[in-house]
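Colleague: I'm new to this one. Can you take me through a few parts of it?
Modeller: Here it is; ask away.

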Amino acid sequence: MLRQYELVERVKAYDPDADEDLLNRAYVFSVKAHGSQLRASGDPYFSHPIQVAGILTDLKLDDQTIACAILHDTIEDTVATQAEIDRLFGPEVGRLVDGVTKLSRIETQTDNERQAENLRKFLLAISNDIRVLLVKLADRLHNMRTLHHIKKEDKRRRIARETMDIYAPLAERIGMYGFMEEMQELAFRHLEPEASATISQRMDRLRETTGANVHRISGQIEGLLRSKGLAASVTGREKRPYSIWRKMQARQMSFEQLSDVMAFRVIVDDVPDCYRALGIVNGRWPMVPGRFKDFISTPKPNGYRSLHTSVLLGNEAARIEVQIRTGLMHEEAELGLAAHWAYKLGSEGAPAREAYPWIEDLLDVLQDAASPEELLENARLAMFQDQVFVFTPKGELYQLPGDATPVDFAYAVHSDLGDACVGAKVNGQVVPLRTRLVNGDQVEIMKGKVKAPDPAWEGFVASAKARAAIRRHVRHKRREELQAMGAKLLDAEVARLRISLSDELLGPALGRLKLPDRAALELAMAENRLTDDEVAEALVPGAAARPARPQGRHARADAAISIEGLTPGVGFLLCDHCRPVPGDRIVGVRAPDGPICVHAIDCDELADESGEWFEVRWGTEAAVAAARIAVVVHNQPGALASLAASIAAHNANIVGLTLKHRDREFHTDLIDIEVESVAHLATILAALRQVKAVVSADRVRQ
Ligand code: MN
């Protein structure tokens with residue numbers, strides 16, 4: 001295990017300005033906090049965080065990240081608190097430790113293979129500081145190195161599977177190939193112990209029978225290049241069991257068929273030398289057709305650059321793979337993003353911006369950073385910022401659009417759950433359904449007995465799935481209500497005509513109206529596509545010409561008026577008695593035998609309403625309703641014209657006019673005007689009172 005001074009020395013070696021005191025305090029705190037806890041290996045627990053910190057010094061990470069690594073398990077596994085960490089080590093280290101703690105909690109929450117991709121994305125999304133992710137990966141790498149100490153096989157396999165499915169691909173995604181490969185090889189040993197052992201044995205036999213020796217071949221290649229005047233350093237290695245096994249699987253080959261189990265790396269100074277080296281190697285040994293790849297002119301999406309070629313060595317028994325690259329390409333390939341930062345921070349060599357097109361956004365942020373500290377602080381992975389990742393109470397993970405609410409979550413789980421949703425708990429607290437979810441939230445949906453999604457949800461949901469489901473339900477509901485209202489309207493018309501609606505009567509009427517059936521007729525009436533007179537005329541030709549029908553107490557509402565609390569689009573009536581206008585307090589009444597009627601809260605008629613009352617509000621859309629006013633005017637020429645002019649000047653229409661109580665001095669005009677709101681009406685009344693001929697102007701409700 002690294003001693004305290006060794007760890008500090010390592011950091012000082014690449015960063016002379018590192019905060020030695022911080023590292024020392026973190027070391028002592030961690031050792032004390034973990035106390036006598038032991039690892040499965042029998043080592044003291046604190047050896048683990050210290051080794052994790054050691055791994056990160058290889059990446060030359062800053063002192064705060066190293067301190068975070070030393071402290072990374074103190075909150076989960078000891079009595080230390082977040083507040084304590086913040087106070088003792090500052091908010092920056094505190095934030096990093098908090099990030100790693102959160103990642104560790106998620107890790108224990110789910111072990112569902114199917115969700116591996118989601119979980120990878122989630123880890124990236126909440127690692128809003130890349131250093132958190134680096135600590136987590138180093139933590140996992142060290143746990144994999146010591147995995148064989150764990151006794152229970154199923155636990156070993158579970159951890160190995162998780163490493164293979166989640167952490168190794170994550171390491172790959174940020175270009176940490178060294179981490180990725182070691183994790184894969186270690187996981188492979190536990191996941192496929194037999195295959196792993198077989199491949200190792202075959203490697204031993206190959207070395208014995210062919211005399212192929214990595215060290216000897218490296219020297220041969222290096223000597224060849226030097227003889228042609230090219231300075232190069234060549235290293236060779238055997239492919240490792242997992243990498244060989246994967247190739248065997250992918251190409252359906254046996255171990256014997258697969259001969260390029262040795263790979264060599266040629267490191268040269270610059271790009272022209274890469275191609276020269278390629279020419280020299282291929283001039284000396286025959287090339288294996290179809291195995292050349294130029295990742296310098298066409299880098300891999302993650303920025304990897306190199307030339308790859310395979311050649312037949314000596315007595316054709318051994319094929320070898322040769323990778324040719326510059327020193328800069330090599331460091332990038334080995335250390336990924338971390339190497340990139342080292343270049344940026346230490347300004348040794350140019351940052352290979354074009355090599356990382358997938359983090360273009362990130363680099364833009366980095367460019368604007370003023371100091372190395374700020375630069376690291378700003379290092380966010382912008383890849384999944386338009387996504388939010390949340391959990392069910394059972395730990396299943398769901399990926400939702402960035403502005404998602406509990407309603408989106410409910411519909412994502414199941415459309416039935418969305419339809420029956422009546423409330424939600426987020427992290428155990430009841431919250432409004434329009435609450436925006438944030439990464440890591442645990443969401444629980446409270447279900448009602450009936451499926452009744454609220455049309456108002458459409459105003460805040462973020463997912464197409466939720467929106468479509470709500471619309472579908474609203475359409476369905478609206479149709480049902482329209483149908484019911486249409487049936488009442490038809491019944492009322494039939495009663496007024498004093499007829500009974502036999503098939504003999506209905507059939508020809510439908511024919512005249514060009515409608516397929518009774519339901520279509522009812523719907524047409526409810527939607528105001530047919531007037532009562534047109535229906536009467538169709539049922540009993542000549543009926544509409546009869547004397548005027550008695551005035552009903554309800555007027556059919558203008559379709560443009562929106563009222564909240566009713567299903568949108570459902571027909572309703574405004575009380576013809578109180579004539580409510582927007583701004584009046586209103587109430588809806590669903591009569592047992594008729595449609596919905598909306599009254600002003602002080603309407604006299606309400607005393608007689610026997611239906612079900614329910615709360616309604618005026619919608620926010622602009623609408624007009626007809627109000628009735630009584631104006632007492634001096635009986636003089638032009639008085640009525642000046643009233644009309646004043647009303648028009650305030651953007652209101654006169655839709656009805658009745659003269660009453662006309663005598664020598666005064667007359668009273670009952671005027672129906674369309675107004676937008678109570679306030680609009682008040683303005684008009686005030687203006688009318690200013691008109692010279694006007695004695696009084698008031699709203700009337702009868
Ligand atoms: Mn740990």
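Colleague: In which handedness of crossing does H12 pass H14?
Modeller: The crossing is right-handed. Bear in mind that this is a predicted model.

Colleague: At what angle do H12 and H14 pack?
Modeller: About 115°, with the axes 10 Å apart. H12 covers residues 214-227 and H14 covers residues 271-284. Angles from 65 to 115 degrees count as roughly perpendicular, and H12 is therefore described as roughly perpendicular to H14.

Colleague: Which residues make the contact?
Modeller: From H12, Gln220, Leu224 and Leu225; from H14, Ala277, Ile280, Val281 and Arg284. By class, five of these are nonpolar, one is polar and one is charged.

Colleague: Changing topic, what coordinates the manganese ion?
Modeller: His48 and His72, each through NE2, and Asp73 and Asp139, each through OD. The distances are 2.2 to 2.3 Å.

Colleague: How are those donor residues spaced in sequence?
Modeller: The pattern is H-x23-H-D-x65-D. His48 is in helix H3 (residues 47-58) and Asp139 is in helix H8 (residues 130-145), so this pair ties together parts that lie 91 residues apart in sequence.

Colleague: Now the sheet with E8 in it. What is the strand order?
Modeller: E9-E8-E10, in an open sheet of three strands with antiparallel pairing. The edge strands are E9 (429-431) and E10 (443-447), each pairing on one side only. On average, neighbouring strands are turned by 35° against each other, direction ignored.

Colleague: How many bridges join E8 to E10?
Modeller: Five, and the two strands run antiparallel. E8 spans residues 421-426. One of its residues, Val426, has Val443 in E10 as bridge partner.

Colleague: Which helix packs on that sheet?
Modeller: Helix H19, residues 406-413, which touches E8, E9 and E10. The direction of H19 makes about 80° with that of E10.

Colleague: Last topic, H22 and H24. How far apart are their axes?
Modeller: They are 8 Å apart, and the helices pack at an angle of about 125°. H22 is residues 503-513 and H24 is residues 532-539. That angle makes H22 oblique to H24. H22 passes H24 in a right-handed crossing.

Colleague: And which residues make the contact there?
Modeller: Leu505, Ala509, Arg512 and Leu513 on the H22 side, with Glu534, Ala538 and Leu539 on the H24 side. By class, that contact has five nonpolar, no polar and two charged residues.

Definitions and conventions. Residues are numbered from 1 along each chain as its sequence is written. This is a predicted model: local features need pLDDT of at least 70, side-chain atom pairs count only at pLDDT 80 or more; totals for chains, interfaces and linings use all residues. Side-chain values use heavy atoms; hydrogens and water are left out. Axes are lines fitted to C-alpha atoms, for helices over the stretch in contact, and angles run from 0 to 180 degrees between N-to-C directions. Helices (H or I, at least four residues) and strands (E, at least two) are DSSP runs, numbered from the N terminus. Angles under 35 degrees count as roughly parallel, over 145 as roughly antiparallel, 65 to 115 as roughly perpendicular and the rest as oblique. A crossing is left-handed if the near helix is turned anticlockwise from the far one by less than a right angle, and right-handed if clockwise. Contact means heavy atoms within 4.5 Å. Ala, Val, Leu, Ile, Met, Phe, Trp, Tyr, Cys and Pro count as nonpolar, Asp, Glu, Lys and Arg as charged, and the others, Gly among them, as polar. Two strands pair if DSSP finds at least two bridges between them. Donors are N, O and S atoms within 2.8 Å of the metal (3.2 Å for Na, K and Ca); water is not among the atoms, so sites may look incomplete.
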